[in-house]
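Please look over the sequence and the model below. A short report on the overall make-up and on two residues follows.

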Amino acid sequence: ALRLDVPLVIHTREAWQDTFAVLDDEGWPRRTILHCFTGGPQEAERCLAGGAVLSFSGIVTFKGAADVREAAKQVPPDRYLVETDTPFLAPVPHRGRRNQPAWVVDVARGLAEVRGETVAEVRCSSERYDLGIFEGHELGVTATTVSPPVAATALSSRLSTTCLMRAGSARRRGSSGAVSRRTRARAASPS
C-alpha cells in the first residue's frame, strides 16, 4: 500500500499488538482505515497517532461494547467512517438478523447517540473522508488480522461486503450506487 499509494483497509480482531508491530515496522500508509473497529480508547489513540481513520460498524450500537463506544467518543470528526460490515454484525434494532447495507443509517444513529451529535453531523463527518479515499484506485490492499498471524490479501477497492456512508457517490462508480441512493433517502427521511 505504501509503495503503490493505495488505501490499506485493516480488520483486526484480538491482535492489536501484532497489527501495530507490522504497521510500525512497515510504515502507516497515508490512507489507512481500521475497518470494523473493535478496539477501545487506547487502540483508537494509537491508530489515530499513526494517521489512520476508524470505521465503525453495528458494534457501536451494542450496549455491551463499552470500549468501542468509548473510543468512538474520542475520534475527531474528520477521522471516522460509518459502515455495516454486511452481512455480519447487524446494528441495534436488527441485531441477530442478517445485516444489510441499508442499515448503515442505524449505525450512524448509534454513533451519533454515542458522540452526542446528530445523524446529519455524523454523515457529514464520514462523507468528508470517504469522498476521496479510493479516488482513482481500482485496487486496494487489505490486511486482515483475526488473531495472529497476520494475513494480507488483495481485493477490489469497492469493498463489496462493506457499505460506507457514501458508497455510491458521484465520485465513485460501481454496483453499490443503488444501495447508496436508498441509504441516502432513508437518512434524509424523518423516522
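## Overall make-up

The protein has six helices and six strands, where helices (H or I, at least four residues) and strands (E, at least two) are DSSP runs numbered from the N terminus. Along the sequence, their pattern reads β-α-β-α-β-α-β-α-α-β-β-α. This is a predicted model, in which local features need pLDDT of at least 70, side-chain atom pairs count only at pLDDT 80 or more, and totals for chains, interfaces and linings use all residues. Residues are numbered from 1 along each chain as its sequence is written, and side-chain values use heavy atoms, with hydrogens and water left out.

Of the 191 residues in the protein, 49% are buried; buried means under 20% relative accessible area, with a 1.4 Å probe and protein chains only. Among contacts (heavy atoms within 4.5 Å) with a separation of 6 or more, 62% are between residues 24 or more positions apart. The accessible surface comes to about 9,300 Å², and carbon and sulfur atoms hold 53% of that surface. Accessible areas come from the Shrake-Rupley method with a 1.4 Å probe; for residues, only the protein chains shown count as cover.

## Two residues

| Residue | Relative accessible area |
|---|---|
| Glu83 | 0% |
| Ala108 | 0% |

Glu83 is in the loop between strand E4 (80-82) and helix H4 (104-115). Glu83 counts as buried because its relative accessibility is 0%. A polar atom of the Glu83 side chain lies 2.7 Å from the backbone nitrogen of Cys36.

Ala108 lies in helix H4 and is also buried. Ala108 and Leu81 are 27 residues apart in sequence, and their C-alpha atoms are 9.2 Å apart in space.

Note on methods. Buried < 20%, exposed > 50% of the residue type's maximum accessible area, 1.4 Å probe, protein only. Polar contact = N/O pair within 3.5 Å; in protein donor to acceptor, adjacent residues only side chain to side chain.
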